[in-house]
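I want to go through the charged pairs and then the contact between the chains.

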There are 2 protein chains.
Amino acid sequence: MKEATLKQIAETLGISITTVSKALKNYPDVSDKTRKAVHELADSLQYKPNSFAVNLRMQESRTIGVIIPELVHHFFSSVIDGIVAEAEKHGYLVIIQQSNESVVMEKSQVELLLNKRVDGIVMSLSNESNDDEHLKELLRRNVPFVQFDKISKLLNSSKVIIDDQKAACEATTHLIHKGCKKIAHIRGPVNPQNAIDRFLGYKKGLEKHDIPFDPSLVYTCSRVSFEEGKAFAAQILKEHPDVDGIFCITDLVAVGVLAYFNEQKIPVPQQVKVIGFSNWFMSQVITPSLSTVEQPSYEMGTAAFNVLLEEINARKENRVREPKTVRLETQIIERESTRG
Amino acid sequence: MKEATLKQIAETLGISITTVSKALKNYPDVSDKTRKAVHELADSLQYKPNSFAVNLRMQESRTIGVIIPELVHHFFSSVIDGIVAEAEKHGYLVIIQQSNESVVMEKSQVELLLNKRVDGIVMSLSNESNDDEHLKELLRRNVPFVQFDKISKLLNSSKVIIDDQKAACEATTHLIHKGCKKIAHIRGPVNPQNAIDRFLGYKKGLEKHDIPFDPSLVYTCSRVSFEEGKAFAAQILKEHPDVDGIFCITDLVAVGVLAYFNEQKIPVPQQVKVIGFSNWFMSQVITPSLSTVEQPSYEMGTAAFNVLLEEINARKENRVREPKTVRLETQIIERESTRG
DNA sequence: GGTATTTTCGAAAACGTTTTCGATTTTTAT
DNA sequence: ATAAAAATCGAAAACGTTTTCGAAAATACC
């Protein structure tokens, strides 16, 4: 069962392909009579333009690529949600690739997307992305490109981010306002800008309130997991029994911490207060519910697509365009884990 | 900055496009000398075949479409994870669409994917999918198509599913073995096959152990949410204070139930035992941890892609092929909420 | 009726590839 | 040296569209 083509319609109607094409796109230089005839036949044959032919002719795909470290994270799937919804509004399709936190994968996926001639790429970097070559290549080849969340600061592309440093500073300040005097920080891996900025924000929050920074209170995750949260909670309690506040790089880690405290019957928030980052769904559901930093993930998605669209359109109109950085607002959400 | 084409290579080398094309694909009828020359130039120009031209010529896209109700669910993002990984292995790209549980959306997305000439579609139905027309149309047009998880039984397509009825029966049996005498069921909406089968499984589990079925112990969700779980827990306790077991359509609902019991200091599992379905990440993390039915989501993804690939290849070779149903194994996971 | 204008149409090129088939050249066999 | 066989190449068609530009037909004007 073949798909209908312009040629078929033209032949059965005894007119030229050109006229059929114009009729369907309502060009002014085709008579009402033929226009109607064409439309009717096209409808009855369920004619759909062959997108390959269109793309080939038009030199655009109306498709964008998205590369993320891992799909199975509430944050990322929510961002994608936003991207897909916004893309659909503008008639774009979204191809999703996940790097599984590997730069090698990331590179081959950029390749793949370029081969598929996507109109643009939005991307959140894998943790081990210290190798920038494939990204620089994107800029060199002038392909529309926006980074979000986990970005490379040095790369002069458009970006959609939150102010991690500010948010982390606010989270730390929140703990201090709640009376914490000795605050530990479970930070993310060394590389990602994210982890660095949140760490710096933590430090700044302490300084602002004249609490001396103690490097031994900083614990570094390698995989940012529930299990690490649990393990570090135990370690913190052993090394610094008088800690009364913990700021975690992410809710998942914080939930691990809470799980350990629950097991050990350490009262939260009475003895230790805990705050996470990202406002994952489960954070409001666990006991005690977890205070956190709300990160507007869906909005990051829509923003990322819109910035990408601007980049794409600028290219189309041959405009030069400075990369643009969109910074989204975050918000402290107070729940039981820091209450009182 | 234009992409390199066969024509460019041909011209600078003073040979024909044909030969360049053949050289690159290592056809036997091109001399080693020219083959090498072509490869070298192609590499240095970073030549990539224009996929639109290839697709147009080849009449295939090496792209598949996936339609799911919602991305932001651990189950679905994990399935997609599996699909994408398996697709990548076979050189296929994946376009993701979400119906947001709306049939109208679902229809327009099927349209979109067909317009994009995807080689096949894998799909999990939205809850309100009692309207099958767009799916029947897929079968009529003979496009490779596999359903997974939320399927329409009546539709004669390939399928990747679990045995919901059997799994639900096992979950109910688990509660009974743990000593439950009066078991409530919080079921899903009326339409989805899923919800129906799990309900039937619940009923069968009771029958098998000679526990009379009491319709007033069945509560029907409309949105399958945390909030509904909480609300139904309250209602159950009021209407049937002696209930000692609850089987929930999904972990999310079960977590809602547990949250209410926590608030009301109802001891779980001592007074009431609770079991969920799907083994969401958070189920092992909350207190008390939740017993559940493990559903192999990632494997469903890989299986779905592989069945789709079989369908695609059958079409290519003009084979007729009976739709195939893959049934994946589930497993009861015992945790604190049914322990003891 | 003749010219000027407007309306309506279609030929053709282009997008970049793949593949068939015939032509040309080179090699081998006699 | 000549015929046969093998190796190497390229012209051309095809995939299905879009768009330019010129031609033809219809209409308007005087």
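Predicted model: local features only at pLDDT ≥ 70, side-chain atom pairs only at ≥ 80, totals over all residues.

**Charged pairs, then the interface**

I started with B:E101 and B:K150, whose side chains meet in a salt bridge at 3.2 Å, N to O. My rule for a salt bridge is a side-chain nitrogen of Lys or Arg within 4 Å of a carboxyl oxygen of Asp or Glu. B:E101 sits in the loop between β2 and α6 of chain B, and B:K150 in the loop between β4 (145-148) and β5 (158-162), so the pair ties together parts 49 residues apart in sequence. Helices (H or I, at least four residues) and strands (E, at least two) are DSSP runs, numbered from the N terminus. B:E101 is partly exposed at 23% relative accessible area, while B:K150 is buried at 11%. For these words I use under 20% for buried, over 50% for exposed and partly exposed in between (1.4 Å probe, protein chains only).

Residues are numbered from 1 along each chain as its sequence is written, chains are lettered from A and ligands numbered from 1 in the order in which they are written, and side-chain values use heavy atoms, with hydrogens and water left out.

Salt bridges with shared partners join A:E3, B:E133, B:E137, B:R140 and B:R141 into one.

Then a pair within chain A: A:D164 and A:R198 form a salt bridge at 2.7 Å, N to O. A:D164 is in helix α8 (residues 164-177) and A:R198 in helix α9 (residues 193-208), so this one links parts 34 residues apart in sequence. Buried or exposed, I asked of A:D164? A:D164 is buried, at 5%, and A:R198 is buried too, at 4%.

How many salt bridges are there over all chains? My search of the whole structure gave 46. The rule finds 4 of them across the interface of chain B and chain A. I checked A:E111 with B:K48, a salt bridge at 4.0 Å, N to O. A:E111 is partly exposed at 35% relative accessibility, whereas B:K48 is buried at 8%.

On to the interface itself. I count 49 residues of chain B in contact (heavy atoms within 4.5 Å) with 49 residues of chain A. The two chains bury about 4900 Å² between them, 59% of it on carbon and sulfur atoms; that is accessible area (1.4 Å probe) lost on putting the two parts together, summed over both. In chain B, the residues losing the most area to chain A are B:F52, B:L93 and B:R117, together 16% of what that side buries.

I also got 18 residue pairs in polar contact between the chains, both at pLDDT 80 or more. A polar contact is a pair of N or O atoms within 3.5 Å; within protein, one must be able to donate a hydrogen and the other to accept it, and residues adjacent in sequence count only if both atoms are side-chain atoms. α5(B) gives the largest share of the side of chain B that touches chain A, 7 residues.

Last, the symmetry. A rotation of 180° with 0.1 Å of shift along its axis puts chain B on chain A, RMSD 0.1 Å, superposed by least squares on C-alpha atoms of residues with pLDDT of at least 70 in both. That is the relation of a two-fold axis. The same surface serves both copies, as 100% of the contact residues of chain B recur in chain A.
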